[in-house]
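This report describes one protein chain for a reader who is new to structures. Please look at the sequence and the model before reading on.

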Amino acid sequence: MKGSSGKPRAGAVRKGGKGAAGKQVGTGGHGRKALEGKGPTPKAEERAWHPAGKRKAAQERYAAAGGRAKVAGQGQRAGAPRGASGASRRAKSGDESEIVTGRNSVVEALRARIPASTLYVAARIEMDDRVKEAMKLATNRGIPILEVMRPELDRLAGEGGVHQGLALKVPPYEYAHPIEELDRVLARDETPLFVALDGITDPRNLGAILRSTAAFGGQAVIVPQRRSVGVNSAAWKTSAGAAARVPVAMAANLTQTLKTLKERGVFVLGLDGGGEVSLPGLSWADRPIVIVVGSEGKGLSRLVAETCDAIVSIPISASTESLNAGIAASVTLYEISKLRAE
């Protein structure tokens, strides 16, 4: 207490200080709890943020799901991207048509009966089996065939595009719904194996990942709606036709979509060079999996990394800094495919 002069009155005691007699005064037990400490450190698996805790939570979810992902009921599902009702949704790039270039890509698109409005063929093209098949498929479907000069095909293919004398005009890509793709895979009694892209903007990486997904038994690729590559002519070309066979699903929010997949019993495995789990002999290979691939520069985003059940690393030579995103996905898909076949 203070008097009118602002100085402590005679005989007043400051908390934790000294009294009038100069003796040390305690706090009355207020600091006792702090002296007791925080107790023993919890085990690693009991800490939700620890990799071991994430693995334990994933094991519990898998057991609760009855050993496999569950098929949801009809109608809109929790965590599904807004505005994505129905089996597919229109491409985010607008209503402009895309040009698929290259003989393999064009033939695969026609075989898959992708809607197309025009087949462009270079004048005096060498008529190999793929060109003949493309023209036959287009004729049978009533798709107009236009013979054009190569400079026109160069313009259609764009800078750096390789058309090999063939180009196909197709409508904007129709993206699938991630959760509905999961339901389709489960309805076929297959074990889900998806690949999700986090921050990848190079369409050639998307095309390469589509090709690897098709080659090693994957069923779908998931891309975020924002700040991500979409299916365009470059992705079609790099995929060598796999874009016609492997659906690409769009997630309005990648983190929320991954959480929804986890609730359905799917294990989310992120790829990163500093991961705590080594790819060879991955113990979860026989379970429903979505592999998350980050960009080469930044890797996995923070929220996506925190959502993953485990971060997996691929052992590489010390002289190599990192792997291309498409190659990393391909190696991982191959290893999982090999383990599932054993």
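## Strand S13 and its partners

Strand S10 (residues 267–271) runs parallel to S13, and three bridges join the two. Within this pair, Leu269 has Ala310 of S13 as its bridge partner. Two strands count as paired if DSSP finds at least two bridges between them. Helices (H or I, at least four residues) and strands (E, at least two) are DSSP runs, numbered from the N terminus.

S13 is covered on both faces: Ala310 and Val312 on one side, and Ile311 and Ser313 on the other, are all buried. Buried means under 20% relative accessible area, exposed means over 50%, and partly exposed lies in between (1.4 Å probe, protein chains only). Ser313 belongs to strand S13 (residues 310–313) and has a relative accessible area of 11%. Apart from neighbours within four places in sequence, Ser313 is in contact with Asp272, Gly273, Gly275, Val277, Ser278 and Leu279. Contact means heavy atoms within 4.5 Å.

## The model and the whole chain

The model is predicted: local features need pLDDT of at least 70 and side-chain atom pairs count only at pLDDT 80 or more, while totals for chains, interfaces and linings use all residues. Residues are numbered from 1 along each chain as its sequence is written, and side-chain values use heavy atoms, with hydrogens and water left out.

The protein chain has 11 helices and 13 strands. Of its 342 residues, 44% are buried. Among the contacts in the chain with a separation of 6 or more, 79% are between residues 24 or more positions apart.

## A four-stranded sheet

Four strands, in the order S2-S5-S3-S4, form an open sheet with mixed pairing. Strand S2 (98–101) and S4 are the edge strands, and each pairs on one side only. On average, neighbouring strands of this sheet are turned by 25° against each other, direction ignored. S2 pairs with strand S5 (residues 166–170) in the antiparallel sense over four bridges, and Val100 has Leu168 in S5 as its bridge partner.

Two helices pack on this sheet. H4 touches strand S3 (118–122), S4 and S5, and its direction makes about 150° with that of S3. Helix H5 (residues 150–157) touches S2, S3, S4 and S5, and makes about 130° with the direction of S3. For these angles, axes are lines fitted to C-alpha atoms, for helices over the stretch in contact, and the angles run from 0 to 180 degrees between N-to-C directions.

## Enclosed elements and an exposed loop

Helix H3 (residues 103–111) is largely enclosed by the rest of the structure, because seven of its nine residues are buried. These are Arg103, Ser105, Val106, Val107, Glu108, Ala109 and Leu110. Just after H3, Arg113 takes a positive phi of about 60°. Strand S9 (residues 248–251) has both faces covered, with Val248 and Met250 buried on one side and Ala249 and Ala251 on the other. S9 runs parallel to strand S8 (residues 220–224), joined by four bridges.

Is Gly142 buried or exposed? Gly142 is exposed, with a relative accessible area of 58%. Gly142 lies in the loop between helix H4 (129–140) and strand S4 (145–148). The C-alpha atoms of Gly142 and Thr118 are 9.6 Å apart, although 24 residues separate the two along the chain.

## The two largest pockets

The largest pocket has a volume of about 530 Å³. Of the 19 residues that line this pocket, Asp198, Pro224, Arg226, Arg227 and Ser301 are the closest to its centre. On a 1 Å grid over the protein atoms alone, a pocket is an open set of points where a 1.4 Å probe fits, with protein on both sides within 12 Å along at least five of seven lines; lining residues have an atom within 4 Å of a point. Grid points are joined across faces, edges and corners, and a volume is the space filled by probe spheres set on the points.

The second largest pocket has a volume of about 390 Å³. Among its 18 lining residues, Leu271, Asp272, Gly273, Ser322 and Leu323 are the closest to the centre.
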